[in-house]
Amino acid sequence: MQSNFNYKTMSNITFTMVKPEAVEAKNAGAILNRIENAGFRIVALKKVHLSASRAAEFYAVHKQKPFYQELIDYMSSGPIIAAILEKENAVSDFRKLIGATNPENAEPGTIRADFAESMAKNAVHGSDSDENAQIEADFHFSVDERF
Ligand code: CMP
């Protein structure tokens, strides 16, 4: 199947997940609305329940961290909504939109300030670099799922 995804814009993508507690609380629609209102275009979108081994693979970079097992247990505890987002300066603009990892430090008006419960249950994930955005997008989406 041919995709109409524009590869010229690949450096301007980021990857996000609406995490289990935010999906469970029915905040996914409000969060996606904020993302679109901030100028991001949804390139790919899906709801998926990660297995523990898929979550472990996704977060393998944190393997040595003390919170790794908690993170894996949490991210595989219920469905998430995964998305690829496109915008100029996607990675840095998205990190501004979501706010600090710890919601106690997140700027007022950011997604984490308004929807996160805690450092672990922090509502959304956002890629931390262009390189990781590509890796994370490829982890979740095939080429024919991007438009
Ligand atoms: P995320 O942006 O998805 O990337 C890694 C995640 O690990 C992070 O969001 C937090 O949810 C989680 N995390 C980071 N630091 C801690 C911590 N000290 N305790 C628990 N979870 C953490």
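A polar contact here is a pair of N or O atoms within 3.5 Å; within protein, one must be able to donate a hydrogen and the other to accept it, and residues adjacent in sequence count only if both atoms are side-chain atoms. In this predicted model, local features need pLDDT of at least 70 and side-chain atom pairs count only at pLDDT 80 or more, while totals for chains, interfaces and linings use all residues. Residues are numbered from 1 along each chain as its sequence is written, and side-chain values use heavy atoms, with hydrogens and water left out.

Start with the ligand. One of its oxygen atoms is 3.3 Å from a side-chain N or O atom of R112. For N122, the distance from a ligand oxygen to a side-chain N or O is likewise given as 3.3 Å, and for H125 it is 2.9 Å. On its own the ligand exposes 460 Å², and the protein buries 80% of that (areas by the Shrake-Rupley method with a 1.4 Å probe).

Around the ligand (a heavy atom within 4 Å) sit K19, Y59, H62, F67, E70, L71, T101, R112, M119, A120, N122 and H125. Sorted by class, this shell holds 5 nonpolar, 4 polar and 3 charged residues (Ala, Val, Leu, Ile, Met, Phe, Trp, Tyr, Cys and Pro are nonpolar; Asp, Glu, Lys and Arg charged; the others, Gly among them, polar).

As for the fold, the chain has 7 helices and 4 strands, taken as DSSP runs (H or I, at least four residues, for helices; E, at least two, for strands) and numbered from the N terminus. Along the sequence they run β-α-α-β-α-α-β-α-α-β-α. The radius of gyration is 14 Å, close to the 15 Å of the globule rule for 147 residues, so the chain is as compact as a globular protein of that length (C-alpha atoms only; the rule is 2.2 Å times the number of residues to the power 0.38).

Two loop residues other than glycine have a positive phi. N89, at near 50°, is in the loop between β3 (80–86) and α5 (90–98). A123, at about 70°, lies between α6 (111–115) and β4 (124–126).
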